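Welcome! Please take a moment to look at the sequence and the model, and then let us walk through them together.

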Amino acid sequence: MTGVPVAVVALAGGYAFAAGGGPGLESALGGGSGSAGRRPADPVSARPADTDPRDGSRRLAEFTTGFKPGEARVTNIRLGAKAVDGHVVPAGGSFSFNKVVGPRSAARGYVPAPTIVGSRLVDDLGGGICQVSATLWNAVFEAGLSITKSHPHTLWMPEYPKGREAAVAWPSLDFVWRNDSAGPVRIRARVDGGSLTVSLWGTPKYEVKTVSSKRYALTRAGTFSDASRRCVPMPGGPGFQIDVYRTLSQHGRTIRRDRFHTVYQPEPKVTCTGR
């Protein structure tokens, strides 16, 4: 029986991506601290899967991220969540975040909000949409489904689990996963108060266990001021590398072990002087 991990985190949103981090970088049969003034949020323990009385499907995984109500990015999060909610991926089919969500344009209701660009946070149209992709990524990861295209952000923000997130940008930077389970998988996404929850429903295939390494190869960035209108203040923090492992088993037998390697750039300390 596949467990259902539930976590509460919050994402800064953005679309620049870090080196490494793709799915299945290492597959085989068989067997720190956050930035100053911010506390990282990590996944908590699993709870038993539920059954949907309407169609008999099982809840494969669920992941929750938090945000502060009233932030500009909440508008973009709501739009992204609405786009993926109810989408069904047939057995053997693939899900493309960009194809399903579409362009993040002003004409479609998206607004400027903090976005990661390179080693900086700046206000940009559609900022925060990555909270939807990162929340979905974690649900897919914990459900044991195949992640075929994924890029982490250039910077690690304490609001999401280290090495466990997906940056997206229209139209080039996408998050794609494949439903390699025995039946269709339905996505459910809801925004409630100060949180976004994404759950996946279908037929369990694997028992999933995950573990992360400690941070290593730490690097540091500088301090500077910025007078531009798009500036977003940043507290600064080290860059590092991390490895996340996922083991997929059936009836107690290990089928595959995946390694997701991520290299995060150091975060500079930025003071905005133009506001």
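**Before we start**

This is a predicted model, in which local features need pLDDT of at least 70 and side-chain atom pairs count only at pLDDT 80 or more, while totals for chains, interfaces and linings use all residues. Residues are numbered from 1 along each chain as its sequence is written, and side-chain values use heavy atoms, with hydrogens and water left out.

**The whole chain**

The chain has three helices and 21 strands. Both are DSSP runs numbered from the N terminus: helices are H or I with at least four residues, and strands are E with at least two. Of the 275 residues in the chain, 52% are buried. Here, buried means under 20% relative accessible area, exposed means over 50%, and partly exposed lies in between, using a 1.4 Å probe and protein chains only. The accessible surface comes to about 11,800 Å², and carbon and sulfur atoms account for 53% of that area. Such areas come from the Shrake-Rupley method with a 1.4 Å probe; for residues, only the protein chains shown count as cover.

Let us begin with α3, which covers residues 129–143. Its 15 residues reach 22 Å from the first C-alpha to the last, close to the 21 Å expected at 1.5 Å a residue. The expected span is 1.5 Å times one less than the number of residues. How many residues of α3 are buried? The count is 15 of its 15 residues, and the helix is described as mostly covered. Just after α3 comes G144, with a positive phi of about 80 degrees.

Next, find the open sheet with the order β8-β12-β11, which has three strands and antiparallel pairing. Two strands pair if DSSP finds at least two bridges between them. Why is one side of β8 and of β11 left without a neighbour in the sheet? Strands β8 (94–96) and β11 (146–149) stand at the edges and each has a single partner strand, so one side of each has no neighbour there. From one strand to the next, the twist averages 25 degrees. Axes here are lines fitted to C-alpha atoms, for helices over the stretch in contact, and angles run from 0 to 180 degrees between N-to-C directions. Helix α3 packs on this sheet, touching β8, β11 and β12, and its direction makes about 135 degrees with that of β11. Contact means heavy atoms within 4.5 Å.

Between β8 and β12 (residues 176–178), three bridges form an antiparallel pair. Within this pair, S94 stands opposite R178 in β12.

**A mixed sheet**

Another open sheet of three strands runs in the order β17-β21-β18, with mixed pairing. Its edge strands are β17 and β18, each with a single partner strand, so one side of each is left without a neighbour in the sheet. The twist here averages 30 degrees from one strand to the next. Strand β17 runs parallel to β21 (residues 267–272), joined by four bridges, whereas β18 and β21 pair in the antiparallel sense over three bridges. V270 in β21 is a handy landmark: F224 stands opposite V270, and M234 stands opposite V270 too.

**Salt bridges**

A search of the whole structure finds eight salt bridges. A salt bridge is a side-chain nitrogen of Lys or Arg within 4 Å of a carboxyl oxygen of Asp or Glu. Here are some of them, with the distance between N and O atoms.

| Pair | N to O distance |
|---|---|
| D124 and R230 | 3.9 Å |
| R259 and D243 | 3.0 Å |
| D258 and R246 | 3.0 Å |

D124 and R230 meet in a salt bridge. Because D124 lies in strand β10 (residues 120–125) and R230 in the loop between β17 (223–226) and β18 (234–237), the pair ties together parts that are 106 residues apart in sequence. D124 is partly exposed at 22% relative accessibility, and R230 is partly exposed at 44%.

R259 and D243 form a salt bridge. This pair links β20 (residues 253–264), which holds R259, with β19 (residues 239–250), which holds D243, 16 residues apart. D243 is buried, with a relative accessible area of 7%.

D258 sits in β20 and R246 in β19, twelve residues apart. Both D258 and R246 are buried. Finally, salt bridges that share partners join D50, R59 and E62 into one network.
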